[in-house]
Amino acid sequence: ALAQTLALMAQAGVREPLRCAAALADGDAIHAVRWSSDAKPPTLYLCDRGDSVVIASEPVDAARDCWQALPCNTLVSVRAGLVSLSPFELALQQAA
């Protein structure tokens with residue numbers, strides 16, 4: 001959907017960057033992404049407390065040592081307390 005949105009923006013002559021921070025959950029796992037078409041994606045933080053994992057746009061408590069900013073263009077997945085980070089890249093198609 002992001003790649004399609006970028007293509008539509010380009011067709012419409014939109015020059016501003018597309019920025020996205022989003023989280024999805026299915027009851028077993030949570031997946032969150034921090035992505036931008038420029039170098040300034042919205043913030044997304046992760047706090048792994050051992051017995052729980054919190055993902056938020058900003059640190060939500062005073063436990064500053066726990067909160068880590070996710071790298072730019074990253075997907076974080078949490079399932080059964082296990083946290084994995086992976087690059088989030090779009091497959092962009094050039095308009096014919």
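The paragraphs below go through a predicted model, taking its sheet, its nonpolar cores and its salt bridges in turn.

Residues are numbered from 1 along each chain as its sequence is written. Because the model is predicted, local features need pLDDT of at least 70 and side-chain atom pairs count only at pLDDT 80 or more, while totals for chains, interfaces and linings use all residues; side-chain values use heavy atoms, with hydrogens and water left out.

We can begin with the strands, which, like helices, are DSSP runs numbered from the N terminus (a strand is E over at least two residues, a helix is H or I over at least four). Three strands form an open sheet in the order β4-β3-β5, and their pairing is antiparallel, where two strands are said to pair if DSSP finds at least two bridges between them. The edges of this sheet are β4 (53-56) and β5 (67-69), each of which pairs on one side only. Strand β3, which covers residues 45-48, is joined to β5 by three bridges in the antiparallel sense, and Tyr45 has Ala69 in β5 as its bridge partner.

The next topic is the interior. In soluble globular proteins, nonpolar side chains tend to be buried together. A nonpolar core is here a set of buried Ala, Val, Leu, Ile, Met, Phe, Trp, Tyr and Cys residues joined through side-chain atoms within 4.5 Å, and buried means under 20% relative accessible area, exposed over 50% and partly exposed in between (1.4 Å probe, protein chains only). The largest such core has seven residues, namely Leu2, Leu6, Met9, Leu18, Cys20, Val33 and Trp35. Both α1 (2-11) and β2 give two or more residues to this core, and α1 gives the most, with three. Apart from this core lies another of six residues, which include Ala32, Leu44, Leu46 and Val78.

Finally, how many salt bridges does the count come to? The count is two, a salt bridge being a side-chain nitrogen of Lys or Arg within 4 Å of a carboxyl oxygen of Asp or Glu. In one of them, Arg19 meets Asp38, with the closest N and O atoms 2.5 Å apart; this pair links distant parts of the chain, since Arg19 is in strand β1 and Asp38 in the loop between β2 and β3, 19 residues apart. Arg19 counts as partly exposed because its relative accessibility is 42%, and Asp38 counts as partly exposed at 27%. A salt bridge also joins the side chains of Asp61 and Arg49, at 2.2 Å from N to O.
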